[in-house]
Amino acid sequence: MDANSQGAAELLKALMRTAARFSEMGRSVSRDFFPHVRVEPVSDLAGPAVRLGAALALPGHDLVFETAVGVGDGTFSVRGDLVLDGEEEILVLPSVEIADPVACADLLDRYADELLTPARWHVQRLLESCEADTE
């Protein structure tokens, strides 16, 4: 396998790993906070960028975790964000352009880590805020 094919395979594995990680986080959070949290996958494989993530529906709020990988002229771009209620950007990871697909895969893994690590904390905070509002 040549270097380009190997790089493409690594990037494909990273995309599949990212989708699986978001899916697992969504299931876990939904299960732990049942019945207050519902999860839907973010999976858009058509268009200018591959979008992967999870959308969590909480009482009165939506929390969307998303990564995106785009392909340009000889480069890949990676970005990530966490958005509350479609408006408030809680975490924005910068769009980075990379020519090497293996480095792109590594960055995608890192961005997924940065989005997933505080997920449970954000959900807990929002649910506590909802409980305080109803008291």
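Biologist: Why does E10 count as partly exposed?

Modeller: This is a predicted model, and in it E10 has a relative accessibility of 25%. Buried means under 20% and exposed means over 50%. The value for E10 is 25%, in between, so E10 counts as partly exposed.

Biologist: What makes the contact of K13 and E10 a salt bridge?

Modeller: The side chains of K13 and E10 meet at 3.2 Å, N to O. A salt bridge needs a Lys or Arg nitrogen within 4 Å of an Asp or Glu carboxyl oxygen, so this pair passes. Side chains of opposite charge can pair when their charged atoms come close.

Biologist: Where do K13 and E10 lie?

Modeller: Both are in helix α1, 3 residues apart, which is about one turn of the helix. K13 has a relative accessible area of 40%, between the limits of 20% and 50%, so K13 is partly exposed.

Biologist: How do you know that R120 and D32 form a salt bridge?

Modeller: Their closest N and O atoms are 2.7 Å apart. The cut-off is 4 Å, so the pair counts. This bridge links distant parts of the chain: R120 is in helix α3 and D32 is in helix α1, 88 residues apart. R120 is partly exposed at 34%, and D32 is partly exposed at 47%.

Biologist: Why is D81 called buried?

Modeller: D81 has a relative accessibility of 15%. Buried means under 20%, so D81 counts as buried. The side chain of D81 also meets that of R79 in a salt bridge, at 3.4 Å from N to O. R79 stands at 31%, so R79 counts as partly exposed.

Biologist: Which residues are joined into one network with D81?

Modeller: Salt bridges that share partners join D44, R51, E66, R79 and D81. The count of salt bridges comes to 10.

Biologist: Why is E40 called exposed?

Modeller: The relative accessible area of E40 is 55%. E40 lies in strand β1, residues 38-44.

Biologist: What makes the patch with E40 negative?

Modeller: The patch is formed by E40, D62, D85, E87 and E88. Asp and Glu count as negative, so the patch is a negative one.

Biologist: Is I90 buried or partly exposed?

Modeller: I90 has a relative accessibility of 25%. Buried requires under 20%, so I90 counts as partly exposed. I90 has its place in strand β5. The C-alpha atoms of I90 and F65 are separated by 9.9 Å, and the two residues are 25 apart along the chain.

Biologist: Which residues touch the most other members of the largest nonpolar core?

Modeller: They are M25, L56, L63, F65 and V123, in a core of 33 residues. The largest share, 8 residues, comes from α2.

Biologist: How many helices and strands does the protein chain have?

Modeller: The protein chain has 3 helices and 5 strands. Along the sequence they follow the pattern α-β-β-β-β-β-α-α. Of the 135 residues, 39% are buried. The C-alpha atoms fill a box of roughly 60 × 25 × 25 Å along the principal axes.

Technical notes
Residues are numbered from 1 along each chain as its sequence is written. This is a predicted model: local features need pLDDT of at least 70, side-chain atom pairs count only at pLDDT 80 or more; totals for chains, interfaces and linings use all residues. Side-chain values use heavy atoms; hydrogens and water are left out. Patches are made of residues with over 30% relative accessible area and no salt bridge: like charges are joined within 9 Å, nonpolar side chains (Val, Leu, Ile, Met, Phe, Trp, Tyr) within 5 Å. Accessible areas come from the Shrake-Rupley method with a 1.4 Å probe; for residues, only the protein chains shown count as cover. The place of a charge is taken as NZ of Lys, CZ of Arg, CG of Asp or CD of Glu. Helices (H or I, at least four residues) and strands (E, at least two) are DSSP runs, numbered from the N terminus. Buried means under 20% relative accessible area, exposed over 50%, partly exposed in between (1.4 Å probe, protein chains only). A nonpolar core is a set of buried Ala, Val, Leu, Ile, Met, Phe, Trp, Tyr and Cys residues joined through side-chain atoms within 4.5 Å.
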